[in-house]
Amino acid sequence: MGIRFIKISVVYFVIGVCMGMYMSMTEKFDLTPVHVHVNLLGWVSMALAGLIYAVYPSAAETGLAKVHFWLHNIALPVMMIALACLVSGVESAGPFIAIGGTLLVLAIILFAINILKNVKS
């Protein structure tokens, strides 16, 4: 699972950097919240989870790790697309941000449980 997290994290990194480049070239910064969340929750958080799972394979081999991976990667795009819509004026996107955000928090809680339960010295 560590390698999967690391590989998908660089996809989010490319997306976040391209968004930042687009915003700076157009001088339109409406998508800043999306850019920041993609970089933090996509690139940084997933890369760190991948490194932790690589160092602690006992945690990476659990069902919790698999659920964390899939839930994180379903929730984050839902939340980011909805957030992009909301800042672009689509007010009906709000509930989708809440759904994606709630699922993402759940994924992170599962990650924390997995680490606390399966990472030992």
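Five helices and 0 strands make up this chain, and the model is a predicted one. Read from the N terminus, the order of elements is simply α-α-α-α-α. Taken along the principal axes, the C-alpha atoms fill a box of roughly 50 × 30 × 15 Å.

**Packing and surface**

Of the 121 residues in the chain, 37% are buried. If you take the contacts between residues at least 6 apart in sequence, 74% of them join residues at least 24 apart. The chain exposes about 6,900 Å², and 76% of that comes from carbon and sulfur atoms. As for charge, there are 6 positive and 4 negative side chains, with the centres of the two sets 22 Å apart.

**Helix α5**

How does the span of α5 compare with what its 25 residues should give? Helix α5 covers residues 94-118, and at 1.5 Å a residue it should span 36 Å; the end C-alpha atoms are 36 Å apart, so the two agree. Its buried residues are I97, G100, G101, L104, A107, L110, F111, N114 and N118. In an α-helix, residues three or four places apart point the same way, because there are 3.6 residues a turn. The buried residues of α5 pack against α2 (32-55), α3 (57-60) and α4 (63-87).

**Aromatic pairs**

Rings count as paired here if their centres lie within 6.5 Å, and by that rule the chain has 5 aromatic pairs. Here are two of them, side by side:

| Pair | Centre distance | Plane angle and class |
|---|---|---|
| F5 and Y53 | 5.3 Å | 50°, tilted |
| F13 and W43 | 4.1 Å | 10°, stacked |

The F5 and Y53 pair links distant parts of the chain: F5 belongs to α1 (residues 2-26) and Y53 to α2, 48 residues apart. Both F5 and Y53 are buried.

The F13 and W43 pair also runs from α1 to α2, so it ties together parts that are 30 residues apart in sequence. Are F13 and W43 buried or partly exposed? F13 has 34% relative accessibility, so it counts as partly exposed. W43 is partly exposed too, at 27%. The cut-off behind both calls is that buried means under 20% relative accessible area.

Ring pairs also build a cluster out of F5, Y53, F69, W70 and F111. Two of its members have come up already: F5, which is buried, and F111, which is one of the buried residues of α5.

Terms used. Residues numbered from 1 in each chain as written. Predicted model: local features only at pLDDT ≥ 70, side-chain atom pairs only at ≥ 80, totals over all residues. Heavy atoms only, no water. Helix = DSSP H or I, 4+ residues; strand = E, 2+ residues; numbered from the N terminus. Buried < 20%, exposed > 50% of the residue type's maximum accessible area, 1.4 Å probe, protein only. Contact = heavy atoms within 4.5 Å. Areas by Shrake-Rupley, 256 points an atom, 1.4 Å probe, with all protein chains shown as cover. Lys, Arg positive; Asp, Glu negative; His and termini not counted. Charge placed at Lys NZ, Arg CZ, Asp CG, Glu CD. Expected span 1.5 Å × (residues − 1). Phe/Tyr/Trp six-rings, centres within 6.5 Å; stacked < 30°, edge-to-face > 60°.
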